[in-house]
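User: I would like to learn how to read the features of a protein model. Please take me through some of them one by one.

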Amino acid sequence: MRVFCFILATCFFVLCVTAVKATPPKEKVYVVVPSKAAPRVAFGAAQLVKNLKTWGYDAVTTADTKNIKGNIIVLHVDASKGPGKEGFLIEAADKKINITGADESGVLYGCLELLEQSKTAKKLPVNLKLQDQPEMVLRGACIGVQKPYYLPGRNVYEYPYTPEVFPWFYDKQLWIQYLDSLVANRMNSLYLWNGHPFASLVRLKDYPYAVEVDEATFKKNEEMYSFLTTEADKRGIWVIQMFYNIIVSKPFAEHHNIKTQERERPITPLIADYTRKSIAAFVEKYPNVGLMVCLGEAMEGVGPVDIE
């Protein structure tokens, strides 16, 4: 019986060794990225490596092109070769693939397009020449950071950024999934729609009482906004914050004994100063975020006092 078990174990060992020897080594792929690559280029390279690994390649990034043997994908930014803004050119021959973007977004889109071209066969193309460019300048989605009802003690459009009112805003994994879906569809802008976001995101030296969230929430908002804008930028997405210029924060209004919004109210020096400083502080704190002002239907037909 012992002899039989020994023979069985030996056969099993031989079969395992044979199976290991029969497994071919993974094909190496080098993704060449500049040493100081922009976040969008680095993100595109990371997407290549991640997907190539799932297809069975041994994929790595490198900044050194010397002594490389095997498949090579080189990422370039060269405005003279790309078809235009956000455009790219893919040239594949033998074991070398060049992805040239007119800008960093072009390189990113070139990486994504190479994966699209290869995903069915799960194999890199041997010969390919392809160039493309988005036709629309701005392509994006709008998220309303507001509710279909009024908050207690507040008026229309008045929704501070808080975990109680907008719990989804603080879910980082959800944002990653959403941003990934945007870049997969080549969206390059994300619009956040809110009546008066400044009092949830910046603190003014001259009007410290205007902040309308507690300290813990304010810090969460700073962290989430920085996280969101950084992750969006990696994917070539420009975050644009919308606001209404006729609204002030509730604490600011209560401090000065005025209403948060009023159609017939002229634009006073106090309101003008608060609005200008809110915008300036926001731009200084989040320089890569766009601002979109909505004048609002509430200003219609009021008269010359609202021309400013």
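Analyst: Start with a helix pair: in α2, Arg40, Val41, Phe43, Gly44, Ala45, Gln47, Leu48 and Asn51 meet Glu104, Ser105, Val107, Leu108, Cys111, Leu112, Leu114 and Leu115 in α3. Contact means heavy atoms within 4.5 Å. The residues of this contact of α2 with α3 divide into 10 nonpolar, 4 polar and 2 charged. Here Ala, Val, Leu, Ile, Met, Phe, Trp, Tyr, Cys and Pro count as nonpolar, Asp, Glu, Lys and Arg as charged, and the others, Gly among them, as polar. The model is predicted, so local features need pLDDT of at least 70 and side-chain atom pairs pLDDT 80 or more, while totals for chains, interfaces and linings use all residues. Residues are numbered from 1 along each chain as its sequence is written, and side-chain values use heavy atoms, without hydrogens and water.

User: At what angle do α2 and α3 pack?

Analyst: Two packed helices are described by the angle between their axes and the distance between the axes. Helix α2 (residues 39-54) and helix α3 (residues 104-118) pack at about 10°, and their axes are 7 Å apart. Axes are lines fitted to C-alpha atoms, for helices over the stretch in contact, and angles run from 0 to 180 degrees between N-to-C directions. α2 and α3 are therefore roughly parallel to each other; angles under 35 degrees count as roughly parallel, over 145 as roughly antiparallel, 65 to 115 as roughly perpendicular and the rest as oblique.

User: How far apart are the axes of α4 and α6?

Analyst: The axes of helix α4 (residues 172-184) and helix α6 (residues 215-234) are 10 Å apart, at an angle of about 25°. That makes α4 roughly parallel to α6. Lys172, Trp175, Ile176 and Leu179 in α4 meet Glu223, Met224, Phe227, Leu228, Glu231 and Ala232 in α6. The contact of α4 with α6 divides into 7 nonpolar, no polar and 3 charged residues.

User: How many helices and strands are in the chain?

Analyst: The chain has 8 helices and 10 strands. Helices (H or I, at least four residues) and strands (E, at least two) are DSSP runs, numbered from the N terminus.

User: Which strand pairs with β1?

Analyst: β1 pairs with strand β2 (residues 58-62) in the parallel sense, over 5 bridges. Two strands pair if DSSP finds at least two bridges between them. Val29 has Ala59 in β2 as its bridge partner. Strand β1 (residues 28-32) is mostly covered, with 4 of its 5 residues buried. Buried means under 20% relative accessible area, exposed over 50%, and partly exposed in between (1.4 Å probe, protein chains only).

User: Is Thr100 buried or exposed?

Analyst: Thr100 has a relative accessible area of 4%, so Thr100 is buried. Thr100 is found in strand β5. Leaving aside neighbours within four places in sequence, Thr100 is in contact with His76, Asp78, Lys81, Gly87, Phe88 and Leu89. Of the 308 residues of the chain, 43% count as buried.

User: Where does Asp94 lie?

Analyst: Asp94 is in the loop between β4 (88-93) and β5 (96-101). Phi of Asp94 is near 55°, a positive value in a residue other than glycine. Asp94 counts as exposed, because its relative accessibility is 61%. Asn257 also has a positive phi of about 55° without being a glycine. Asn257 lies in the loop between α7 (250-255) and α8 (269-285), and at a relative accessible area of 72% Asn257 is exposed.
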